[in-house]
Amino acid sequence: MLLQVPDVLTPEQVASCRKILEAAEWVDGRITAGHQSARAKDNLQLREDLDEAKQLGDVVLAALESNPLFMSAALPLKVFPPLFNRYQDGQSFGNHVDNAIRQVTGTPHRVRTDLSATLFFSNPDEYDGGELVVEDTYGVHSIKLPAGHLILYPASSVHHVRPVTRGARLGSFFWIQSMVRDDGERTLLFDLDVAIQRLTGAERHAALRRREPGQARLHLIITGGQAGQREMTGLVALDLELLFAVHIREHQRDVGQDAANCIHERA
């Protein structure tokens, strides 16, 4: 599933973040690239250990926590601390696939990268080029969103960033480990959640938002940062019993496969 999440940040938040980004210290973006992707990567990146990076990351994480569309689509279990990059003067990022596992710098924590996310801090008219191009089963998608908007897509997708030939493209990127690893099953749950909201109407959805903690709430673990690990809470209208049913079905399928393998070995 490839999904645009609009207005993750308000215009005021974007302006405040950009002020920090413009004055920040940038380094070679290849410091966080894997061996293969380092050959294709040419951009600038905010150093992870800077106070500014942690401050901006907190803004992004707080916005994600309160965004129902993101919570419903990603069903996040862990979120990698947001990183920040800059493309200018012809810089680009060639075709690549993100690492399956990301180690959080300076911690023992690891995040399985089920989903990749890019949050835009520059508006499309501020730069030429710089489109994020994602390939999936349905074709090739060229993405260039307004500042404050986010694109969410499977981390297994081949993708690249076209050269920026004018201006500068500022953005944040990070990865999500979902409670539902399979993209097809996660998409099904998202579609059901959207259908529930449409059928029940705004009044019903508002009532769900007023429920006490523990009733249709999801817990999001944010890995990294000064505290090392913190817990946040987000809300979706989805009946979580359905989510658990998916996990049970996945477990039954794995058990059935193990039994089949055992029978095959004995034969």
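Serine 178 is buried in this predicted model, with a relative accessible area of 2%. The residue is found in strand 16. Leaving aside neighbours within four places in sequence, serine 178 is in contact with Ala74, Leu75, Pro76, Leu77, Arg112, Asp114 and Arg186. A further distance concerns valine 111, which is 67 residues away from serine 178 along the chain; the C-alpha atoms of the two are separated by 9.7 Å.

One of the contacts of serine 178 is Leu75. Leucine 75 lies in the loop between helix 3 and strand 5 and counts as buried, at 0% relative accessibility. Its phi is near 45°, a positive value in a residue other than glycine. A positive phi is also found for aspartate 89, at a value near 50°. Aspartate 89 lies in the loop between strand 6 and strand 7 (92–96). With 71% relative accessibility, aspartate 89 counts as exposed, whereas leucine 75 counts as buried.

The chain as a whole can be described as follows. It has 267 residues, of which 48% count as buried, and contains five helices and 18 strands. Among the contacts with a separation of 6 or more, 76% are between residues 24 or more positions apart. The chain exposes about 13400 Å², and carbon and sulfur atoms supply 51% of this area.

Helix 1 has twelve residues, and the distance from its first C-alpha to its last is 16 Å, close to the 16 Å expected at 1.5 Å a residue. Its buried residues are Val14, Cys17, Arg18, Ile20 and Leu21. Seen down the axis of helix 1, the buried residues fall within an arc of 160°, so they line one face of the helix. Such a pattern relates to the geometry of an α-helix, which has 3.6 residues a turn, so that residues three or four places apart point the same way. On the other side of helix 1, Glu12 and Lys19 are exposed. The buried residues of helix 1 pack against strand 2 (26–28), strand 4 (44–46), helix 2, strand 6 and strand 16.

Helix 2 (residues 51–65) has 15 residues and should span 21 Å at 1.5 Å a residue; its end C-alpha atoms are 21 Å apart, which agrees. In helix 2, Ala53, Leu56, Gly57, Val60, Leu61, Ala63 and Leu64 are buried. These buried residues fall within an arc of 160° when seen down the axis of helix 2, so they line one face of the helix.

The largest nonpolar core has 36 residues. Those with the most contacts inside this core are Leu46, Phe121, Leu150, Leu152 and Ile176. At least two residues of the core come from each of strand 1 (3–5), helix 1 (11–22), helix 2, helix 3 (68–74), strand 10 (115–120), strand 14 (150–154) and strand 16 (164–178). Helix 2 gives the most, with six residues. Phenylalanine 121, leaving aside its neighbours within four places in sequence, is in contact with Leu9, Val14, Cys17, Arg18, Leu21, Val60, Phe84, Ala147, Leu170, Gly171 and Ser172.

The structure holds three aromatic pairs. In one of them, phenylalanine 80 and tryptophan 175 are arranged edge-to-face, with 5.3 Å centre to centre and 85° between the planes. Phenylalanine 80 lies in the loop between strand 5 (76–79) and strand 6 (83–88), and tryptophan 175 lies in strand 16, so the pair ties together parts that are 95 residues apart in sequence. Phenylalanine 80 is buried, with a relative accessible area of 2%, and tryptophan 175 counts as buried at 5% relative accessibility. The rings of phenylalanine 173 and tryptophan 175 have their centres 5.7 Å apart and their planes at 90°, so this pair is edge-to-face. Phenylalanine 173 is buried, with a relative accessible area of 11%.

Conventions: Residues are numbered from 1 along each chain as its sequence is written. This is a predicted model: local features need pLDDT of at least 70, side-chain atom pairs count only at pLDDT 80 or more; totals for chains, interfaces and linings use all residues. Side-chain values use heavy atoms; hydrogens and water are left out. Helices (H or I, at least four residues) and strands (E, at least two) are DSSP runs, numbered from the N terminus. Buried means under 20% relative accessible area, exposed over 50%, partly exposed in between (1.4 Å probe, protein chains only). Contact means heavy atoms within 4.5 Å. Accessible areas come from the Shrake-Rupley method with a 1.4 Å probe; for residues, only the protein chains shown count as cover. The expected span of a helix is 1.5 Å times one less than its number of residues. The arc is that of the directions from the helix axis to the C-beta atoms. A nonpolar core is a set of buried Ala, Val, Leu, Ile, Met, Phe, Trp, Tyr and Cys residues joined through side-chain atoms within 4.5 Å. Rings of Phe, Tyr and Trp (its six-membered ring) pair if their centres lie within 6.5 Å; planes under 30 degrees apart count as stacked, over 60 as edge-to-face and the rest as tilted.
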